[in-house]
Structures are given as C-alpha cells and as structure tokens.
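Here is a friendly briefing to read alongside the model. Please keep the viewer open as you go through the points.

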Amino acid sequence: MSLPLAILVVFSMLDIGTPHTGPEMDPYKTLGVTTGASQAEIKKVYKRLAKEWHPDKNKNPGAEDMFIRITKSYEILSSEDKRANYDHYGRTDDTQPYSRYGHNFNFEESFFNFPFNNKNQREFSDGKYLLHFNQYVSDVVPDSFRRPYLIKITSDWCFSCIHIEPVWKEVVLEMEMLGVGIGVVDVGYERRLANHLGAHRTPSILGVINGKVTFFHYAVAKEHLRQFVEDLLPQRLVEWVSDKNDQQFLNNWHQLNKPHVLLFDQVSVVPLLYKLTAFAYKDYLQFGYVDQGLSETANLQRQFNINTYAPTMLVFKENTDKPADIIQAKGMKKQIIDEFMTNNKFLLAPRLVNQKLFDELCPVKQFHRRRKYCVLLITGDDESFSLGNQAFLSFASGNTKEVVRFAYVYQQLQQPLCNILMTSKDGTQPPLPPQVVILERRNTAGKAFFKPGSTWNGSEEDKQRLVEELERLQKDPSILIHDAMLPVLNNEFASMFIIQWISAFYDYLSDVIDDILHNNWREMMPLLSLIFSALFILFGTVVIQAFSDATDNKCSKPKPKDGPKTENGSPGNASSRPPKKNFVEVTELTDITYISNLVRLRPGHMNIVLVLTDGSKNILLSKFAKEVYSFTGSLTLHFSFLNTDKHSEWMCTLLESVQDSMQIDACEDNDGSNRKMDYTGYVLALNGHKKYFCLFKPVYTGEDPSNKVLGDNGTSTSMRRSRSVSRDDQPPNKSTRSRSTSTLQIHHKLDRLALWMERLMEGTLPRCYIPAWPGLDKITSSK
C-alpha cells in the first residue's frame, strides 16, 4: 500500500470513529447577523427574534426549539469570551466543540493528542485558577495583603509551559495547603492583565504580595519556588525567642496592644506555614518562635511544660505568666491554626488605637438579637491612672458574655471621641477621667447610643455598679439615652510621612535594581527614556553655552564710537560692552593722582572710588574687582581707592559740603557725639567736571548682619551707629572664629555693588552736588 493511500485510510478510520452530528448551530446564522456585528446590533436583533418566536405568542410547532436556539446564540455572542472562543475555534462553550464544517474532528487532539488550543484538555491548574483583569484588581490585590499569591503566565502553543507543568502541579498542591493564593493568566485571553503585571513572555512565574509584583528569575524547581514564596514575605515577621529575651517579648503586649503567640518546635528554621500565618494576622498578633533543640530554651520549655514530641502553640494576653490558650498537635493544619488565631485576635481589654480596631471590637448593630455593647474606659497613661486601669482589666478578664466587649482609650490621644462621650447633656459638669461609658453603634456613618459616663476608681462599689448596669442593659436597652455621631479615631500607630516616603522610595529603588539585574528592559524603558532625555537636555545646554562663549570671545569688536550720552554725561548701555582685559585696573587716590583723577577729569568721565582701610584693603579690593569687572569695558569709567587711614578727614569734609538738597549725616551720630563714622566699604562715583557724586553704602558694617536698613539711594545699608572694625581696635588675643566672622562681614559689604553700578549707568541714582572739591590740605595724611 502506498503512503498516500495509507494516510487516507487512517483519516477515514478516525473520521468514522468520530460521531457525525450533522450541521451544528451557528449563532451568527441563527440571529441573522454578520461576524462583525456590534453588541448593540446583536441585542436589537435578539429582542426582535425573541418576541417573534416566543412560544406564548408563536403557535408554530418548531417555535420552542427556535426560541431556545435564539437564546443560546445570544448567550454566546453577548459574552466576549464565548464569542471569541467560537470565532477562533468554532466552539460555543468550554466543553462542547461545534464545527462549522459539520463534524467534530480535531487534528491536534485526535492524531497527536496534544493539549494545545483546547481548554478541555488543560491541566487542573490552568482551568481552576484562571484569572481575569477585574478579578485580579478586585479580589487578588486586596487579598495579597493577607497572603502571597503565586501566578503563572501561560499561553496556547507554549512548548516550554508543558515542560514546567509537572513541577508547577506539585508546587500548587503544596502551597495551596499552606494558604498561598494560586493564579494562572492566559495571555491569549487576558492580554490586558498580562501587560498590567509586566509579563511579556511565556512561561513566566511571579509573586504578588501587598499589591507588589515580583518575578521569579530562577530555574523552575520545587525548592526554588518554595524559597521564592518564603522570600516574598517580610523579613521580621517572627522573632526568635529564648530564655534571654522571653520576658522582653511577652511584656511588649502593652506597647504593641496585641496578644503574643509562641510556637515551640524541634526544627531549626521557622516553618513556612507559621510565617504565612504570621503574615495573615500581623495586624492582630505578635509572633515568636522557640527552637526546642537549643539549650538556651530549656527554661522556657520547663516553665510552660512543653511536650517535645509535637509542635505547641501558646497565646499570651495581659497575663504573661500563664497562656490564655494553647494548642498542640502533630502536623498542624492551616484550618486549625486559623481557628485558633481568630479566637485570640484581641486582648481581654485592648486599647482603641485606630478606627479599624474600633469597628471590629464594637461592630455596628445588624439584627436585634445580635446586639454588641462596648464598655469603654476613658483614662490616661499617667501613673496615677494605673490602679484604675488594672481594676478595669481584672473586671474584663472575668467577662463571659459574648455580647459585651471591653476596651479603653487614652483621652489625650483620642480627644475628639472622648469630648463627645464625656459631654454632659443636662448642662452639668461632666466627671473627669477615668470614667466608664457603655455604647452601642447603630450604623457605619458613626451614629451611636451611649450611657453617660460614671466615675471609675476600681473600687468594689464601682465594679458592682457596672455589673448591675450591664444586667439591666440586657433587659432594657433603652437605658442608652444619649445619641451622637462619633468621629473617626486617630491612628496612633501611623508612621510619619517622611518614614512612609523613605519606605516607598526604598521599595521603588529595590524594584529598579531588581529589574536591572534581571534585564527586564521592557519595564525599564520609560525610566531609562526619562533619564537619557534629561542627560541629553543637560549635555546639549552645556555644549551650546560653551560654543556660544567661544564664539563671543573670538568675534572682533569694532572700535566703539561715541554714542548718545545720558543726562549725567555717561554713555548709555556702557555696561553692555564686554571687558577688554581680564583684570581690573585700580589706582590709589593720593595727593599726586588727586588732580588728574578728579579735579581735571574730562567731561563725561567718572571715577569710581572705593573707601577702605589698611586692614580691609586686600578683602575689599578683591570683592570690588569682581563686582565692577563687567563694567570695565566702558571707556568713561575709572576705578580708584581711597585709604582713610591716610586721609581720614577727606570723607567728612566731602559730606559736610553737600548742599541741602541731599540730607546726609556727616561725621557725627544722631545724638551729636564726635565719634567718627566708619566709611569702610563706601563707594563714590565722582564726576569731576559737574561737581557731583553718587554714594553707595555697604550692606552692613560688621555688627549684626540682620541689623539692616535701606539707605537713601535704595541700597541696603547697615545702622549708622556701627563701630569701626579696624585692625587696631581688635584685641590681640581674639579667637580665630571671631576673625573669620569679621572677614566674612567685610567681604559682604559690597554684595549689592553690581546692582548699584547698573543704576549708575542708567542715570537713576540721586546726585550729591558740592560747590567745590575739597582742597589738598584735606587729603594730607593724618599720621
């Protein structure tokens, strides 16, 4: 037999073995719509056909069958998943394959027996744990704050997915028994969810905990996946307890406001089931682990009479000497542990530290027979309240009624709640804490009925009165005569904003480093794009600025012409000319240079004179050069300095000769004393031809930097009652710190000189006119 004939015979046998069902239902033909019809069109056609073929209105014998076919067709086409399933594979549901060609022969399933492209042949995990986007957002993410999730990303025609399936099945069976959530995402049907998770290849395995996604990057083995789940959990969920720190661990219940759980076991590592339990109940309980194989835990085992042949779990509440509950069994199951934890979630009389705890301890009334009353002690954390608090705890420990819960609150930490409960309705003065209030919550908006507080000292009379009130309350709830809207409680354990910000930044940085190490470039592309864009802009700006400066330096400037001059004779826009030299030429104003630099100065030219002393010469000249350097390009400006140690009378004579139009104090203080002014740091713009000058006063003169006033010329000046800080007045044993402070103050005298020079070139500074420049005798050295 030839090969083509043999293949034909095999196909014929397979086709014979497959039952023919005749032409199957085509939902598009049944409704009479095209494959590209919208949901609105399908719904409109369905309503028309359903009304037409309804058995109550249509008496045709085939109306009922037709109506069923119309309904089935609409169910398929109105569901996006079922419609996509039919469009791709010719099936109208997950189990019954329909063929558009009149038979059910599937080449892949019948001939090769491959599980591809067939949901019915998938492994158990793929069908049982399939996730959809809405399900992930609404169910998985909130639940990930109580337990971690292990999610596999798969797709049709994924050969690698088949290779990891046995390991995945074994891990799922183990992890599900421990309480780990399991999920499977089919990229072919949930591309949106896969993109949301950042999964761009199949197969992929990832973990979700606290809403955060972490990818598994190692070889798919049972041990690796188990370790991956363990690494997802926070590091310090369980504290190691021994004979050295057992009292510290157990006595921490008051600060943390939680019961403490101790697990005794023979293994040297904390069991994963115990870690998962600690994560699930981390908001309610504090967990510790005792290794029975260590000699450091022998006293603990003897103290609580621990059986070494089976794991033992103890829960401690307010009494640290005796456990409140105990469980001991070989091979503890998750269901038993969950029940044990649920029954011991709260202390006998916990402190209300946040709204969540208040809602669980004092739930809202739902039915008349499910009333829950909350006995609340309003007290303080001072030592004077300790006796009353202990008596309240002792009273609460004897409570056996499930309808009554006991709690206490610190008035200074929950002030809004205490103010409402302690307010007297009849106008009388309410009792001061501590006091006991009985309340019942009526709705989630905060409405509650309560009985006014009574003073609580912890005496036998107070206990007897509280017992009588609780007994009367169960018979007559109307004794809760007052109602109020309770505010939301403050979260006393809320971390500071800066701590939250640092924690969030650390998590984000860890994610970035993890992505870089494992080459997850798709997720890193937005961040990398932002970084490179910022670097490109910064680098481009620096390069452009550098080329611009180089071009300006190379460009040859034409010889400046005499441009229009301002009213004071100085050329306009002189400051815009670039300096011709890389230094500032400053000459000293002496009896030799006085005539040429001032008296016989050419019209339109000005001399900028800095006043200084021998002690401040170097500092001020350096600062002066920096401030006026940009103005050295002007041909009409000259720069000089005057030493007042050599010519002490010249400034006084100059200021005394100013006409009445400019009010300037000369050489005396406001009180008329003869103390001489310290003119160190003053700058004069002298116009020798027109006999006027403009005056710059320094920012401050060396005393308190904050002691500033505005001078007459608009610049910031120091107080006129400033002392001279010359070198001769300083004590010989002055500290280095004082000298550095004085130097800093002298250096800052010329901080605003550049702005003053701008105003000088604009011609907007006030001018001080004088009849004549002081004579030569006024500049003779006084030494």
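How many salt bridges does the structure hold? The structure holds 17 of them, a salt bridge being a side-chain nitrogen of Lys or Arg within 4 Å of a carboxyl oxygen of Asp or Glu. Do note that this is a predicted model, in which local features need pLDDT of at least 70 and side-chain atom pairs count only at pLDDT 80 or more, while totals for chains, interfaces and linings use all residues. Residues are numbered from 1 along each chain as its sequence is written, and side-chain values use heavy atoms, with hydrogens and water left out.

**Overall picture**

- The protein has 27 helices and 22 strands; these are DSSP runs numbered from the N terminus, with helices being H or I of at least four residues and strands being E of at least two.
- Of the 783 residues in the protein, 41% are buried, where buried means under 20% relative accessible area, exposed means over 50% and partly exposed is in between (1.4 Å probe, protein chains only).
- Among contacts (heavy atoms within 4.5 Å) between residues at least 6 apart in sequence, 70% join residues at least 24 apart.
- The accessible surface comes to about 44300 Å², and 54% of that belongs to carbon and sulfur atoms; the areas come from the Shrake-Rupley method with a 1.4 Å probe, and for residues only the protein chains shown count as cover.

**Salt bridges to look up**

- Lys222 and Glu174 meet through their side chains in a salt bridge at 3.6 Å, N to O.
- This pair links distant parts of the chain, with Lys222 in helix α11 (residues 222–232) and Glu174 in helix α9 (residues 159–178), 48 residues apart.
- Glu469 and Lys451 form a salt bridge whose closest N and O atoms are 3.2 Å apart.
- Because Glu469 lies in helix α20 (residues 460–475) and Lys451 in strand β13 (residues 447–455), the pair ties together parts that are 18 residues apart in sequence; both residues are buried.
- Lys646 pairs with Glu588 in a salt bridge, with 3.4 Å between the closest N and O atoms.
- Here too distant parts of the chain are linked: Lys646 is in the loop between β17 (637–643) and α25, and Glu588 is in strand β15 (residues 586–588), 58 residues apart.
- Lys646 is partly exposed at 34%, and Glu588 is partly exposed at 22%.

**Buried spots**

- Helix α14 (residues 272–280) is mostly covered, with 8 of its 9 residues buried, including Tyr274 and Phe279.
- Gln435 sits in strand β12 (residues 435–441) and counts as buried at 1% relative accessibility.
- Leaving aside residues up to four places away in sequence, Gln435 touches several residues, among them Leu376, Met422 and Trp456.
- Tyr679, in the loop between α25 (650–656) and β18 (683–687), is buried at 6%.
- The C-alpha atoms of Tyr679 and Met651 are separated by 8.0 Å, and the two residues are 28 apart along the chain.

**Surface patches**

- Ile531, Phe532 and Leu535 form a nonpolar surface patch with about 310 Å² of accessible area together; patches are made of residues with over 30% relative accessible area and no salt bridge, joining like charges within 9 Å and nonpolar side chains (Val, Leu, Ile, Met, Phe, Trp, Tyr) within 5 Å.
- Phe532 is found in helix α22 (residues 521–554) and is exposed, at 57%.
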